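Welcome! Take a moment to look over the sequence and the model below, and then we can walk through them together.

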Amino acid sequence: MKASNMFAPTLREVPAEAEIISHKLMLRAGMLRKTASGVYTYLPLAWRSIRKIEEIVRQEMDAKGGQELLMPAVQPAEIWQESGRWDVYGAELWRVKDRNGRDFCLGPTHEEMISIIFRNDVRSYKQLPQLWYQIQTKYRDERRPRFGLMRSREFIMKDLYSFDLDEAGLAKSYDLMYDAYSRVFARCGLNFRPVEADSGAIGGKGSHEFMALAESGESAILYCDTCDWAATDEIAGREPLPVPAEEMLPVEKVDTPDCGTVEDVAKFLQVPTNRIVKTMYYQADEQLVIALVRGDRRINEIKLQGLLGCNELTLAENAALEVHGQKVGYLGPVGVDGVKIVADAEVPLMFNVIVGANDGERHLLNVNYQRGDFRIDQVADLRYLEEGEQCPHCQGHLKLARGIEVGQIFKLHTKYSDSLHVVYAGEDGQEHPVVMGCYGIGIGRTLAAVVEQCNDADGIIWPMAVAPYQAVIIPVNDREPELKEAAERIYAELETAGVEVVLDDRQERAGVKFKDADLIGYPVRITVGAKALARGNVEVRLRKNGEMQEIALDSLTDWLKAYILVESLY
Ligand code: ATP
Ligand code: MG
């Protein structure tokens with residue numbers, strides 16, 4: 001490709017619409033343009049990288065026995081109604097009507113669709129297992145599309161679905177995909193970590209997310225500094241540690257004026273926040289619920305929602321006010337009737353705690369669950385783990401990191417085979433529900449994650465395997481016919497050798513070309529200058545570390561091919 005003809009509209013200025021580095025760089029490097037909120041055009045450079053990521057994904061899926069197919073984006077409402085998800089998926093499901101008023105959606109995922117395909121055409125245990133995948137455009141009407149390709153409303157996903165005879169078969173398919181995913185992200189050059197994850201709206205128990213580590217990541221990960229345990233903060237939990245016994249003192253009511261928060265109360269009473277129990281009212285669908293958690297802990301609403309099994313969960317401060325006529329900050333569980341009380345597992349173990357008194361600006365001291373001072377209807381792990389706490393599995397301590405979820409794998413078990421009646425005839429002649437798994441990789445998000453990790457002040461630093469082009473040739477002065485000719489010769493030779501190379505033949509100063517080369521991030525820059533050329537050499541510079549060396553013209557192609565090969569290994 002000659003740069004004079006290449007459509008890569010680079011920008012000098014940082015576009016105002018971009019917040020994180022990958023989004024800024026992809027706009028500046030002329031890779032991406034916005035069409036609507038969360039809807040993008042991939043310009044040629046981005047598309048070349050996307051196709052490389054897709055190819056890596058294909059190779060790794062095929063290596064595990066995956067078969068590629070392609071399903072439509074448009075899905076009839078009926079199959080979503082049959083699975084029960086039409087009503088629960090919410091506003092993220094992009095619903096459309098046809099000219100006759102029939103309901104459809106633009107698929108956010110394809111469990112329903114693939115289940116129906118299986119149901120219609122697979123009969124016997126002899127045909128199992130099956131691993132089917134596609135690389136296809138998904139639609140999710142995200143509440144907050146942002147960060148370019150990271151969280152868009154139209155995006156490319158690889159989704160694979162496994163169909164097995166039984167749980168043992170699913171475990172095997174799951175392990176195959178775990179391995180395939182690890183290989184995909186390593187080949188893309190990502191620094192990543194698989195972590196235990198919540199299975200969310202997709203359903204089923206057993207899931208891992210693959211996290212590309214990055215400060216700008218939207219997900220928080222807890223990992224152990226000693227063993228290899230890691231999990232998203234959404235599901236990370238541990239048994240409560242034992243609490244030393246204390247003598248239970250008599251309950252006392254004290255004035256605590258102007259103490260709206262746990263910190264205020266702690267300061268006013270001169271106690272640590274871990275002596276206080278927070279009382280929070282939630283609206284869980286139709287039901288009002290009180291959740292209790294230690295004062296220095298954060299309640300995890302995902303766990304709470306899982307425990308209550310509700311579709312909608314919102315803080316219900318107003319409801320609390322109606323019940324007690326009290327200020328938020330002065331609520332407590334003592335004497336409460338007719339509202340379900342759930343507590344984090346640490347709470348019932350505590351002694352002599354402080355709670356709101358439900359009586360003006362007052363708190364109760366020395367409240368003890370173990371003495372029957374208040375009621376708890378259900379105890380569960382309902383909090384976030386914090387950095388520095390002891391690991392749930394060993395004596396190590398927890399560390400916190402941020403990550404970008406580039407892929408997720410789920411065991412679905414028979415969630416969809418039950419609701420959609422997807423069965424096979426077993427060896428015993430009976431019908432059995434097929435046991436399923438699903439496995440997604442965000443192709444565009446993976447690209448963005450690579451850029452987020454691989455950059456410096458000058459621009460992108462592509463890992464070789466996913467670079468749009470492998471090398472750029474820059475003649476330092478186009479007006480000198482000798483340099484121009486030498487650059488053209490090198491270009492022709494490298495093209496013939498199958499190297500993906502750009503010749504920067506634009507009528508620009510060398511400085512401009514160097515800047516663009518760094519911004520676009522070609523792994524190798526070949527500079528054709530008069531001095532080196534007189535010695536029969538060119539200057540080669542590696543983008544990843546700035547290393548420069550002179551290489552003889554007649555060994556350049558072999559050197560470059562070897563370098564590309566080595567850099568593409570993983
Ligand atoms: P998130 O929690 O980030 O919203 P998700 O858990 O809903 O994602 P999955 O249903 O697991 O996503 O989809 C599989 C993969 O698709 C994700 O791991 C991610 O890489 C990608 N993906 C999901 N939503 C988006 C989006 N809005 N834009 C780009 N990629 C996405
Ligand atoms: Mg996910």
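Strands here are DSSP runs of at least two residues, numbered from the N terminus. Keep in mind that this is a predicted model.

**Around the ligand**

Let's begin with ligand 1, which is surrounded by 14 residues. The closest of them are Arg140, Glu142, Arg151, Ser152 and Glu405. Which strand gives the most to this shell? That is strand 21, which contributes four residues. Sorted by class, the shell holds five nonpolar, four polar and five charged residues.

| Residue (polar side-chain atom) | Atom of ligand 1 | Distance |
|---|---|---|
| Glu142 | nitrogen | 2.7 Å |
| Arg151 | oxygen | 2.7 Å |
| Arg445 | oxygen | 3.0 Å |

On its own, ligand 1 has 580 Å² of accessible area, and the protein covers 85% of that. Two or more residues of the shell come from each of these elements: strand 8 (154-164) and strand 21 (398-413).

Leaving out residues up to four places away in sequence, Met31 touches Met26, Thr41, Tyr42, Leu43, Leu45, Ala46, Ile460 and Trp462.

Note on methods:
Residues numbered from 1 in each chain as written. Chains lettered and ligands numbered in written order. Predicted model: local features only at pLDDT ≥ 70, side-chain atom pairs only at ≥ 80, totals over all residues. Heavy atoms only, no water. Near = heavy atom within 4 Å. Polar contact = N/O pair within 3.5 Å; in protein donor to acceptor, adjacent residues only side chain to side chain. Areas by Shrake-Rupley, 256 points an atom, 1.4 Å probe, with all protein chains shown as cover. Nonpolar A, V, L, I, M, F, W, Y, C, P; charged D, E, K, R; others polar. Contact = heavy atoms within 4.5 Å.
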